[in-house]
Amino acid sequence: MPYIIALIVVIVIIILFAIATFNRLVGLRERVRNAWSQIDVQLKRRHDLIPNLVETVKGYAAHERQTLEAVIQARNAAMGAQTIQEHQQAENMLTSTLRSLFALSEAYPNLKANENFMMLQEELSGTEGKIAYARQHYNDVVNSYNATIKMFPANIIASSSGFTEEQYFQMEDGERSVPSVNFNR
Amino acid sequence: MNDSFNPEPQSARLIDPRETYQPPPKLGTPWIFEDQIAANRRGTFLLMIVFSMFLVIIVWAVSYIYHQNAYMLAFVAAVVAFFTSFFSFYNSDKIVLSMSGAVEATKEEYPHLINTLEGLTLAAGMRGVPKAYIIFDSAPNAFATGRDPEHAAVAVTTGLLEKLNRYQLEGVLAHELSHVANRDILLSTVAAVMVGTIVLLSDWVLRSMWYGGGRRRRSDRDGGGAGAILLIIALIAVILSPIIAKLLQLALSRRREYLADAHAISLTRYPDGLAGALETIANDHEPLEVANKATAHLYIANPLQEYKGWLNSLFSTHPPIEERVARLRRM
C-alpha cells in the first residue's frame, strides 16, 4: 500500500512538472511569434515606402529605368516571401538595389534637394533601423527559446510535443560603418 | 526642419555589425525585469506610506508648537496625504514634465529622435512607445518619467540633440528606456513630487517659526517637562525632513544608474555610444536651469553644479561619471 501511494505521488509530480514545462514552452514560442510579427510590421512599412520613392526618383531620373525596375522587382519579391529563408534573401536583395538607387541619386543634385525625397530617405533609413532593432529582439527571443528546448529535461517534452528549433533572422546591413564590438573580452 | 544632428551617414542603424547573430552580453543581473518591476512597485507603495506619515507628523508637530488642536489637524493631514499620494501616482509625470518646461516632440520636427525611440522600444520588446519631449535648454541632459511603459515619457534637452552624434543619442535613449522598462520611473517620479512637497513644506514651517511664531510661543507657554520634550521632537522633525527627503532620493538613484547603463548596452550592443555620451555630458559644465533639488535624481547625469568632496559624494544622487564610463568600457 505505501508503495502504491509513493508511486502515485511521484507520477503526479511528474505530470505537474510536465504541464508546467509544456506551458513554459508554449509561452516562449508565443514570444518568438510575437517578435516575428514585430519584424513583419516593419518590413511591410519598408515595402510600402518604396513605390513612393521610385515615383519621386522617376521625376528626376526617368531614364535610369534599369535601377528603378530592379528596386520594384526586389520589392515585389520581398512582399511575396513566405519562409524566413526567403525573407532573408529577398530583403538582402532589396537592400542592395536600394543602395544602388541612393548611389545613383548622388548624380542628381535636384533630386537630392527634393523635400519629398529627403523625407522618404529619412523614413526609409528609420524603418531599416527599426527592422534591425526588431530583428535583434527576435533573435534574442529565438536564442532563449532554442536553448530551452535543448535543455534536459525540457527537451523530452519539447521533442514529444512538436517544439522545433526556430531560425534566426540574419540580414546584411546596409553599410558597415560601425566598428565591431567584442563582448567576450 | 530644425533637426540638427551631427552629420552621419544616411544609412540604417547598424546594431549588429556582423552578419551572424550575437546573443546579448552577459550582465551581472538576469536579463529579466520582473524582479526589479516588483521591487519598484513595493518601493513606491512604501514611499507613499512614509510620505503620508511624514506629512502627518510634521503637521502634528507644527500644530503642537502653535497650540492648535493637534490631533484634529493631524487627521486632516492624513486625509490630504492620502489624496496627494493618489494624485501623484497618476499625475506625477505631468507635474514633473511641466516643472521642467518640456514640450512634446513631433515626428515632423524630430524624425530621428522619434525613429530611434521607436526602434529601441522594438529592441526591448516593449509594448507602447513612450512619448518624446523636448526641453529647450543648451545643457545636454535627459530623463524619463511616467508610471508604466504605456504612460511613459522621455524628455531630452535641445543641447543633447545638438552635442551628441547618432550613436551617443541612441545610448542615452536606451538608458532612459531601461528606466521605463523596469519601472524605475514610477518610483523616481513619485519621489520627485513627494520630496518636492516635503522640502517646500518644511521650508515654509521653518521660516514661519523663525519670523512669526517664536515670541508668541514663549509668552503663552504652559510649561512642563513632557511638553518641552515634545517641542524638541517637533523641531527635530521639521529640521530633519529635508535631509530625510534627500536620503530617500539617494537610495533610489545611484545603483539604478549602473543597472540602466548595463541594460542600455544590451539594447544597443554598442557601449561606446553611451560612454561617449556620458563623457560629453560630463565635460559640459553648463547647469540645467529647469532642474532643481526635487527633480535632479531623474536625469541621466546630475544637472546641478557639482562640488567635489567626500561629503558631497556621500549626498550625490548620481554615481561619478568616470566610474560609469569605466564600467561601460569594460563591457
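Among contacts in chain A between residues at least 6 apart in sequence, 77% join residues at least 24 apart. Contact here means heavy atoms within 4.5 Å. This is a predicted model, where local features need pLDDT of at least 70, side-chain atom pairs count only at pLDDT 80 or more, and totals for chains, interfaces and linings use all residues. Residues are numbered from 1 along each chain as its sequence is written, chains are lettered from A and ligands numbered from 1 in the order written, and side-chain values use heavy atoms, without hydrogens and water.

Chain A, then. Six helices, zero strands. Helices are DSSP runs of H or I, at least four residues, and strands are runs of E, at least two, numbered from the N terminus. What is its radius of gyration, taken over C-alpha atoms? Chain A has 24 Å, while a compact globule of 185 residues would have one near 16 Å. That globule rule is 2.2 Å times the number of residues to the power 0.38. The C-alpha trace of chain A spans about 90 × 40 × 25 Å along its principal axes. Of its 185 residues, 43% are buried. Buried means under 20% relative accessible area, with a 1.4 Å probe and protein chains only.

Now chain B. We have 10 helices and four strands. From the N terminus the order is α-α-β-α-β-β-β-α-α-α-α-α-α-α. Buried residues make up 53% of the 331 in chain B. Its contacts between residues at least 6 apart in sequence join residues at least 24 apart in 74% of cases.

Next, the cores. A nonpolar core is a set of buried Ala, Val, Leu, Ile, Met, Phe, Trp, Tyr and Cys residues joined through side-chain atoms within 4.5 Å. The largest has 62 residues, and those touching the most other members include A:Y138, B:L113 and B:V172. Which element gives this core its largest share? Helix α5 of chain A (residues 115-150), with eight residues. In soluble globular proteins, nonpolar side chains tend to be buried together.

Look at B:V172. Leaving aside neighbours within four places in sequence, B:V172 is in contact with B:A142, B:L160, B:L164, B:L274, B:A277 and B:I300. There is also a second, separate core of 22 residues, with A:I50, A:V54, A:V71 and A:A81 among them.

Last stop, B:S178. B:S178 sits in helix α5 of chain B, residues 166-181. Buried or exposed? Buried, because its relative accessible area is 1%. Beyond neighbours within four places in sequence, B:S178 is in contact with B:A260, B:H263 and B:A264.

Key. Buried means under 20% relative accessible area, exposed over 50%, partly exposed in between (1.4 Å probe, protein chains only).
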